[in-house]
Amino acid sequence: MDARESGHDGEDGGARPAHLADLAVGALAAEAELTPKPGLVDRRGAGSHADMELDTLLASAAALRPTFAGLARAAEGQRPSQALREALARIGRDGEAAMFAATGGVNTHRGAIFALGLIVAAAAIEGRGAKAADICATAGAIAGFRDGAAPDAALNGAVACRTYGVTGARGEAAAGFPHALAALGALRASRARGATETAASLNGLMAAMAGLDDTCLLHRGGRRALRVARLGARAVIAAGGAATDDGMAALRALDRRLLALNASPGGAADMLAAALLLDALDGREV
Ligand SMILES: CC(C)(COP(=O)(O)OP(=O)(O)OC[C@H]1O[C@@H](n2cnc3c(N)ncnc32)[C@H](O[C@H]2O[C@H](COP(=O)(O)OP(=O)(O)OP(=O)(O)O)[C@@H](O)[C@H]2O)[C@@H]1O)[C@@H](O)C(=O)NCCC(=O)NCCS
Ligand SMILES: Nc1ncnc2[nH]cnc12
C-alpha cells in the first residue's frame with residue numbers, strides 16, 4: 001500500500017489520530033513491499049534475516065495501528081515535555097508487546113515504533129499542514145527528554161552504541177531525524193526528475209544508508225558491514241541512482257555483499273519508512 005493512498009479524506013478533528021495511524025501503517029507497509037532492497041526483507045524473500053518474511057513485516061505493521069493512534073491521542077494539545085516523553089514511551093512499549101504478539105516474538109519494528117511513533121506524536125502536536133522539518137524538530141525535542149522508565153536490559157542497539165561509539169536510534173531522534181529528512185529529499189528530487197515511485201523510494205533508502213550509523217549493521221557485522229553499506233549506497237548514488245541501469249547494477253552488487261556478510265540495514269529501512277510518512281504528512285494531508 002502506498003502511504004499516500006492510505007489516509008482518510010475529510011475526517012473530523014477527533015479522527016485525526018486514526019488518520020495519522022493509517023499513514024504510519026501505510027508507510028511501514030510501503031517500505032516492506034519496496035523491492036529490491038539490499039540485505040532487507042522484501043517481496044523476494046528474507047534478505048539477511050532468518051526469522052522474518054514480508055508477511056511478518058506486514059502483520060507487524062497492521063498490529064501497530066492502535067499504538068500509533070494512541071501516541072497521536074496522547075500528544076494532541078501537548079508540547080514536548082518530560083511527562084509527554086514518558087507517556088509516549090509507555091504506549092511505545094505496549095506497541096512492542098503487540099509487535100511481538102503479532103510476529104511470534106520477532107523484532108520486526110522496534111526501531112520503527114520509536115521513530116515513526118515520535119513523528120506521529122509530533123505531527124499530532126504540530127497540526128495539519130506542518131512542514132516535515134518542523135515535525136522532525138518537534139519529534140527531536142520530545143526525544144531530548146529522558147525515558148525515566150527505560151528498562152535496564154541492554155538491547156543490541158545500545159550495546160553497539162557503546163562498542164562502536166555511535167549514538168544510534170536515540171541520537172538520530174534527538175537530532176531531529178536528519179537521515180529521514182535526507183531520504184525525503186532524495187525521494188522528492190527523484191520524483192521531480194521523473195523517476196518511478198519504486199526508484200524514488202530506493203533512492204531515499206540509499207540516501208539514508210549512505211550516512212546513517214545503523215546499529216543493525218554494526219550489531220550483525222561490525223564496522224566492516226557498516227562501511228560496506230555506506231560506501232555501497234554512495235556508489236549507487238554516484239552511478240546515477242535506482243532509475244538508471246548502472247545504479248541498479250550497483251544496488252544489486254550491494255545486495256550480494258550484504259547477504260554475504262549476513263548484514264541488514266534495518267535502521268535505514270526505518271528512516272525510509274519515516275520519510276514516506278513525512279511525505280504523506282507534508283503537502284498532501286487534508
Ligand atoms: C530507543 C529504542 C529504539 C531502543 O534503542 P536501542 O538502540 O537501545 O535498541 P535496539 O532496539 O536494539 O535498536 C534500535 C533499533 O532502531 C533502528 N536503528 C538502528 N540504528 C539506527 C539509527 N542510527 N537511527 C535510527 N534507527 C536506527 C533499528 O531498528 C530496525 O532493525 C530492527 C531489526 O533488526 P534485527 O537485527 O533483525 O533485530 P535484532 O533483534 O536487533 O537482532 P537479532 O537478535 O535478530 O540479531 C527492527 O527493530 C527495525 O525497526 C534498531 O534495531 C526503543 O526500543 C525504546 O526505548 N523504546 C521504548 C519506547 C519508546 O521510547 N517509544 C518512544 C515513543 S514512540
Ligand atoms: N524491510 C525490512 N527488513 C528487515 N528489517 C526491517 N526492519 C524494518 N524494515 C525492515
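At what angle do helix α9 and α13 pack, and how far apart are their axes? The views below come from a predicted model.

**View 1. Helix α9 packs against α13.**
Helix α9 covers residues 178-192. Its angle with α13 is about 65°, and the two axes lie 8 Å apart. The crossing of α9 and α13 is right-handed. The residues of this contact are nine nonpolar, one polar and one charged. From α9 come His 179, Ala 180, Ala 183, Leu 184 and Leu 187. They meet Met 271, Leu 272, Ala 274, Ala 275, Leu 278 and Asp 279 of α13.

**View 2. The surroundings of ligand 2.**
The shell around ligand 2 holds 15 residues. The closest are Ala 32, Leu 40, Val 41, Gly 266 and Ala 269. Two elements give two or more residues each: α1 (16-33) and α13 (266-281). Helix α13 gives the most, with three residues. By class, the shell has six nonpolar, six polar and three charged residues.

**View 3. A cis peptide bond at Pro 36.**
The bond from Thr 35 to Pro 36 is cis, and its omega is near 0°. Pro 36 sits in the loop between α1 and α2 (54-63).

**View 4. Phe 177, in the loop between α8 and α9.**
Helix α8 spans 168-174. The phi of Phe 177 is near 55°, a positive value in a residue other than glycine. Phe 177 counts as buried because 29 C-beta neighbours lie inside 10 Å, and the cut-off for buried is 20 or more.

**View 5. Asn 262, in the loop between α12 and α13.**
Asn 262 is not a glycine, yet it has a positive phi of about 55°. Asn 262 has 14 C-beta neighbours inside 10 Å, so it counts as partly exposed.

**View 6. Ala 239, in the loop between α11 and α12.**
Helix α11 covers 215-238, and α12 covers 245-260. Ala 239 is partly exposed because 17 other C-beta atoms lie within 10 Å. Not counting residues up to four places away in sequence, Ala 239 touches Thr 244, Asp 246, Gly 247 and Ala 250. Leu 251 is 12 residues from Ala 239 along the chain, and their C-alpha atoms are separated by 9.6 Å.

**View 7. Confidence in the model.**
The mean pLDDT of the protein chain is 94, and 94% of its residues reach 70 or more. Over residues 1-13 the pLDDT is below 50. This stretch has 33 contacts in the model beyond near neighbours in sequence. Where pLDDT is low, the predicted coordinates should not be read in detail. For the complex, the predictor gives an ipTM of 0.97 and a pTM of 0.95.

Conventions. Residues numbered from 1 in each chain as written. Chains lettered and ligands numbered in written order. Predicted model: local features only at pLDDT ≥ 70, side-chain atom pairs only at ≥ 80, totals over all residues. Near = placed C-beta within 6 Å. Helix = DSSP H or I, 4+ residues; strand = E, 2+ residues; numbered from the N terminus. Nonpolar A, V, L, I, M, F, W, Y, C, P; charged D, E, K, R; others polar. pLDDT = per-residue confidence, 0-100. Contact = placed C-beta atoms within 7 Å. Axes fitted to C-alpha atoms, helices over the stretch in contact; angles between N-to-C directions. Left-handed = near helix turned anticlockwise from the far one by under 90°. Buried ≥ 20, exposed ≤ 12 C-beta atoms within 10 Å, placed from the backbone.
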